[in-house]
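Let's explore a protein model together through questions and answers. Have a look at it first, and then we will work through it step by step.

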Amino acid sequence: MDLNSSFRISPTQLFIFFLVLFYSEKSNVAADGSPGIDGEALCSGDMSSFLPLPYGKLPNMVCKRLWNSFVLRYSQTEGNVVTIVLSTVYTTGWAGIGFSKDGMMLNSSCMAGWVNVEGHARIKQYYVEGFTPSAVKPDKGELPLTNVPPYVALNGARIYLAFQLKYPVPLKRQPILLAYASAYPQHHHLSLHDDKTTITFDFSSDSAPSPSGTFYRVDDMRKTHGALSVLGWGLFLPYGAIVARYLRHRDPLWYYIHLVIEFLGFILGVAAAVVGLSLSHMLQVDIVGHKTIGIFVLVLSILQVLAFFARPSRDSKNRKYWNWYHSWTGRTAIFLAAVNIILGIHIADAGPGWKISYGFLLGLTLIACIFLETMSRLRGSDDSKFPPSFQMNGS
């Protein structure tokens, strides 16, 4: 059945919608890095009374409040020497900062500091070879530390970790990890962190209020990308296809429900792709498999939308070829999207919550398909009994 004119959506309307979606998404993923309400007080303190040189008086110091109570002070010289002082609220356990090539915890190098129960301050470099405490190796790592010894100190309710790095080129945009734990390290092996985050920070700023000191909350973007992907590719599009296949006896209701659900799924899928590509550009990494499949699924979904506008009339001799194309393009997109969601959860080490949630959704979808297909066959229904205008739409 052809869609009524009141339900038609022009390509111009789609384009405008995508532009609004893209710019609203960009506005949500970047923070200006300004100190905020309490940031000025945190950045104005004199560190020379409890930190030795060069940490106590950083030349051209830049101070930024990052995450929770974490505050980063740094200075970068023309010789590419980066002096860093990280501070956060501290009671027990340890606090740390890691440098990563791709924003992932695995294969990152970290500096962690603590003050043990005897009051002795400790700071060490660690290399993350795995996700268990035993796989975080002390006295290893790839950070280019200088001959200036790292230092850790307590001042009031805050702990300060100070160290110095020297790079062959100026340090600019860099994914960094922030983490803390309330349990003390045992024999210099870090306990499991209570919480962590990943951000991308631009070290090219040369003054405290400079907008180039922007940082991006990578964890927030990952969660946004994952949520949009699961909702769009994992929920709306498959269930829109289910509506088309098993509710077509409710003509024309099935068509309108199918169209609305698939359109919402397409919009969420495009938004997921925009956030994913922005995240890839920000981290300056290329996760080839996940990115390639995602782009391919996006192209297939765009072809589905274009096919909607090029749909021949029901009486056209080309209608059966269009039905065949529309059906199998949609099925391929839904299958590859499910594979890519699983791959993305694995790459991001998203944790059991994401795995259980998507596993439950995927299992529920498969059970629904099996049940409805069984009931359909028991009723003696098959595709040949339905008008040729229907095909499963997978957008």
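Q: Among contacts in the protein chain between residues at least 6 apart in sequence, what percentage join residues at least 24 apart?
A: A contact here means heavy atoms within 4.5 Å. Looking at contacts between residues at least 6 apart in sequence, the share that joins residues at least 24 apart is 65%.

A quick note on the model: it is predicted, so local features need pLDDT of at least 70 and side-chain atom pairs count only at pLDDT 80 or more, while totals for chains, interfaces and linings use all residues. Residues are numbered from 1 along each chain as its sequence is written, and side-chain values use heavy atoms, leaving out hydrogens and water.

Q: How many helices and strands does the protein chain have?
A: Helices (H or I, at least four residues) and strands (E, at least two) are DSSP runs, numbered from the N terminus. Counted this way, the protein chain has seven helices and 13 strands.

Q: Why is strand β5 described as largely enclosed by the rest of the structure?
A: Buried means under 20% relative accessible area, exposed means over 50%, and partly exposed lies in between, using a 1.4 Å probe and protein chains only. β5 (residues 94–99) is largely enclosed because the number of its six residues that are buried is six.

Q: Which residue in β11 is the bridge partner of W94?
A: Two strands pair if DSSP finds at least two bridges between them. β5 and strand β11 (residues 173–181) run antiparallel and are joined by six bridges. Within β11, the partner of W94 is A181.

Q: Which residue in β6 does F99 stand opposite?
A: β5 also pairs with strand β6 (residues 109–115), in the antiparallel sense and over five bridges. In β6, the residue opposite F99 is S109.

Q: Is C110 buried or partly exposed?
A: The relative accessibility of C110 is 15%. C110 therefore counts as buried.

Q: How many disulfides does a search of the whole structure find?
A: A disulfide is a pair of cysteine sulfur atoms within 2.5 Å. Searching the whole structure for such pairs, the number found is zero.
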